[in-house]
Amino acid sequence: MLKPFHLRQSTAHKRLVELASSAGALHLRELFAEDPSRLQRMSASLGGMFVDWSKHRVTEEVMEALFALAEEAGWKEGVQGLYAGEHVNQTEDRAVLHMALRGAAADGFTVDGVDVMDEVLATRHAMGSYADAVRSSDRITDVVNIGIGGSDLGPLMVTKALRSLSHKGPRVHFVSNVDGAHLESVLDGLNPESTLFIVVSKTFTTQETMANADAAKSWVESASLPVSDHFAAVSTNIPAAVRFGVKAEHVFGFRDWVGGRYSLWGPVGLSIACSVGSSTFAELLSGARAMDRHFAEAPARENLPLISALLGVWYREYMGFSTHVVLPYAQDLDRFPAYLQQADMESNGKYVGRDGQPVEHPTGPVVWGEAGTNGQHAFYQLLHQGTDIHPADIIAVEAPLSAYTDHHTKLLANAIAQAEALMCGRNESEVREEMRASGRSQSEIDAIAPHRVFRGNRPSTFILLDALNAKNVGQLIALYEHRIFVQGLLWNVCSYDQWGVELGKVLAKNILAEWAEEGDAPTHDASTQHLIDRLKR
């Protein structure tokens, strides 16, 4: 179990508070002008990934204090406990070992003293063989993944990211929302005879998922087709899946030490494997495993997940920046920000610490973003000239993502330019000189110049992948997973439960019972009761 850590009582915290008002106020232009070797010291490569964190409002003193903070929190011991299968999900008394899902036999991951790799590898082989059989089938043209949360966002994001590697595999679709329009829009144009559904629900009772699964089952049955030929399942509740109509050999399970938002690496990723094949899926796992080894073995000053996590803590706790914006300059990564929203905010968005007491500091930023260049024509105005500062991760891919290579050059130019603009800005003297050179009158310059000033000094990390291949996508996702772990450690929260999503589910179930007039007498506030009564009518 991870030991409690009280950030604001640490020695490093006091130093970081001091540095926030001094070093944190320096402009990035100054930091680069004073330190010609800044980029070399604040960038690194790992496999096909280059990470540049030089455009952050930190000095060597700040980084030293952040590393000291991590040492006080026992980050190394925390990582060791995580990898050793300790029950770091303390409120549910479970290990957290999604790393095992992408592990190799020699990694020796254990839970409660039992090596889990034989079971992991056997399941991986079974789901890979099934996925390859689906891909080679003349009968299946479309696969529909039915799930929600981690059973949807991860597979959806990765399937889109690896679109170019599907190589004549089936078209893969995703249904998550209990709004029937989502299922209806996906089924429109599909043929029941050539459609396979994958129902992903750990308990096989998830309300939204089972509502959609039941409707899909009725759709198949209405075409007089056997359910067993058109459904597979990912669940620990094999009896329920079999009762639904799935063949037992087409139910793929996983253990309770795999949390939903960290589960795409195992059977939950069956739809990914159906899209790209088992060998490409194995490359995805290999990339994530490479990041796992790096996180476990690299020293602090070279450890990319640790550095990323510490920069996030610096901004959230010490600089008061409350959001983290993720900007992938790759259309195939357009669901990556949404994926990270769940991974990050469902993990660390908590106000009770590991000791059961309210924490005294913010935990976690609001994570948001959009693919570039679309975002540039939507919210970048706020990023550049808004009153709040939003630290950004800009993700770009060196190799073209389509046959339109001239488009790709423009895309990369925009990514680099945005990082430069966020950092450097444009001061008023520069604006005035530019306007003067373009022939503007003095009165125009005086009236307009203030509106064209960019203060800059807005931090960003630039992540450059050499290609959008399976290994690099695996590395990228694992980088953020480990960032989340370190931040949860420093913020003293239980990162691997999600009690905050439970209350709404319970109340919705109660309201549904009342809708059918099966529940007890109403006990709602006047507003809630009015809405129920109005909609029942």
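Modeller: Ala467 sits in the loop that links β13 to α20 (470-491). The model is predicted, so local features need pLDDT of at least 70 and side-chain atom pairs pLDDT 80 or more, while totals for chains, interfaces and linings use all residues. Residues are numbered from 1 along each chain as its sequence is written, and side-chain values use heavy atoms, with hydrogens and water left out.

Which residues does Ala467 touch, not counting those up to four places away in sequence? Val397, Ala399 and Asn472. A contact means heavy atoms within 4.5 Å. Pro400 is 67 residues away along the chain, yet its C-alpha atom lies 7.8 Å from that of Ala467.

Buried means under 20% relative accessible area, exposed means over 50%, and partly exposed is in between (1.4 Å probe, protein chains only). In a regular strand the side chains alternate between the two faces of the sheet. Both faces of β12 are covered. Ala392, Ile394 and Ala396 are buried on one side. Asp393, Ile395 and Val397 are buried on the other.

Now the neighbours. Strands of a sheet pair through backbone hydrogen bonds, either parallel or antiparallel. Two strands count as paired if DSSP finds at least two bridges between them. β12 pairs with β13 (residues 460-465) in the parallel sense, over 6 bridges. There, Ala392 stands opposite Ser460. β10 (residues 323-329) also runs parallel to β12, joined by 5 bridges. In that pairing, Val326 faces Asp393.

Arg163 lies in the loop between α8 and β6. Its contacts include Asp332 and Leu401, leaving out residues up to four places away in sequence. Arg163 counts as partly exposed because its relative accessible area is 44%. Val276 is 113 residues away in sequence from Arg163, but the two C-alpha atoms are 8.0 Å apart. Lys168 belongs to the loop between α8 (153-161) and β6 (171-175). Its phi is near 65°, a positive value in a residue other than glycine. At a relative accessible area of 85%, Lys168 is exposed.

Phe204 also has a positive phi, about 60°, although it is not a glycine. It lies in the loop between β7 (195-200) and α10 (207-221). Phe204 is buried, at 6% relative accessibility.

At the β11 end, two loops deserve a look. Lys350 is placed in the loop between α15 (336-348) and β11. It is buried, with a relative accessible area of 16%. Where does the side chain of Lys350 reach? It comes to 2.5 Å from the backbone oxygen of Cys494. A polar contact is a pair of N or O atoms within 3.5 Å; within protein, one must be able to donate a hydrogen and the other to accept it, and residues adjacent in sequence count only if both atoms are side-chain atoms. Beyond four places in sequence, Lys350 touches residues including Arg261, Val359, Thr363 and Asp497. Thr373 is in the loop between β11 (366-369) and α16 (380-385). A cis peptide bond joins Gly372 to Thr373, with omega about 10°.

Technical notes
Helix = DSSP H or I, 4+ residues; strand = E, 2+ residues; numbered from the N terminus.
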